[in-house]
Amino acid sequence: MSMKRVWNSVRIARSVPYSLFTFGVSDLEYYLVLKPQAENAQVKIRKGEIKITKPLIVRPGDASLEFQDFYESEENDSLVQFLMSRTAAFSNLKLTNHAGKEEIVSDQVEEVVDRLNQKLDREDEDRIAILVAPEPLAGVALIRYAAERIISSAPENLTELREKGFLP
């Protein structure tokens with residue numbers, strides 16, 4: 001499977017409208033809906049949170065991006081490192097995943113996504129994302145979501161850095 005197909009096989013069914021903090025820790029809560037690989041297998045839901053720690057002081061050099069608790073296998077670790085090396089240059093960041101217990105549901109993936117969307121709407125919750133991925137690519141879904149939030153937050157983060165006198 002090509003890297004592009006792997007990246008595109010995961011999706012963000014519901015994102016959040018907020019930017020990440022320029023300094024310190026940002027929390028990205030999520031529901032991860034896992035598509036089963038075997039026919040007649042059940043859909044799983046995993047609730048969790050990604051913590052993105054940005055440095056308080058950015059130092060020159062090439063401090064690498066650090067992932068903690070994203071992968072369930074070494075294969076996923078090398079796959080995501082390969083993808084990230086070709087899609088984005090993030091340095092000095094630490095991403096930590098805290099996943100809760102899995103819940104097994106018997107519905108179809110889209111029914112699960114719809115129910116989660118309705119639940120979050122009822123609770124007026126706009127800080128929890130919904131991600132969908134084939135079960136073996138759970139880590140890729142989390143990395144894609146974090147990467148997209150980092151990229152979309154960059155303009156506001158740069159503006160804040162300029163306003164505080166860190167950038168010309």
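## Ground rules

Helices (H or I, at least four residues) and strands (E, at least two) are taken here as DSSP runs, numbered from the N terminus. This is a predicted model, in which local features need pLDDT of at least 70 and side-chain atom pairs count only at pLDDT 80 or more, while totals for chains, interfaces and linings use all residues. Residues are numbered from 1 along each chain as its sequence is written, and side-chain values use heavy atoms, with hydrogens and water left out.

## Two loop residues with positive phi

Let's start with the backbone. Most residues other than glycine have a negative phi. N40 is not a glycine, yet its phi is positive, near 70°. N40 sits in the loop that runs between β2 (24-35) and β3 (43-54). With 77% relative accessibility, N40 counts as exposed; the cut-offs are over 50% relative accessible area for exposed, under 20% for buried, and in between for partly exposed (1.4 Å probe, protein chains only).

D124 also has a positive phi, about 55°, without being a glycine. Look for D124 in the loop between α3 (109-122) and β6 (128-134). Its relative accessible area is 69%, so D124 is exposed.

## Salt bridges

The model holds eleven salt bridges, each defined as a side-chain nitrogen of Lys or Arg within 4 Å of a carboxyl oxygen of Asp or Glu. One of them joins the side chains of R46 and E102, at 2.3 Å from N to O. R46 belongs to strand β3 and E102 to strand β5 (residues 94-105), so this pair ties together parts that are 56 residues apart in sequence. R46 is buried at 9% relative accessibility, whereas E102 is partly exposed at 34%. R46 and E102 also take part in a network of salt bridges with K44 and E135.

Within helix α4 (residues 138-163), E148 and R144 are four residues apart, about one turn of the helix. Their side chains meet in a salt bridge of 2.7 Å, N to O. R144 is buried, with a relative accessible area of 17%, and E148 is partly exposed, at 33%. Another salt bridge links K119 with E123, whose closest N and O atoms are 3.0 Å apart. Both ends are partly exposed: K119 at 26% relative accessibility and E123 at 47%.

## The nonpolar interior

In soluble globular proteins, nonpolar side chains tend to be buried together. Here the largest nonpolar core has 24 residues; such a core is a set of buried Ala, Val, Leu, Ile, Met, Phe, Trp, Tyr and Cys residues joined through side-chain atoms within 4.5 Å. Which residues have the most contacts inside this core? They are L28, L32, I50, I52, L131 and Y145. At least two core residues come from each of α1 (3-8), β2, β3, β6 and α4, and α4 gives the largest share, seven residues.

Leaving aside residues up to four places away in sequence, L131 touches R11, I12, A13, Y30, Y31, L32, V33, A141, L142 and Y145, where contact means heavy atoms within 4.5 Å. A second, separate core has 13 residues, among them Y31, V109, V112 and V132.
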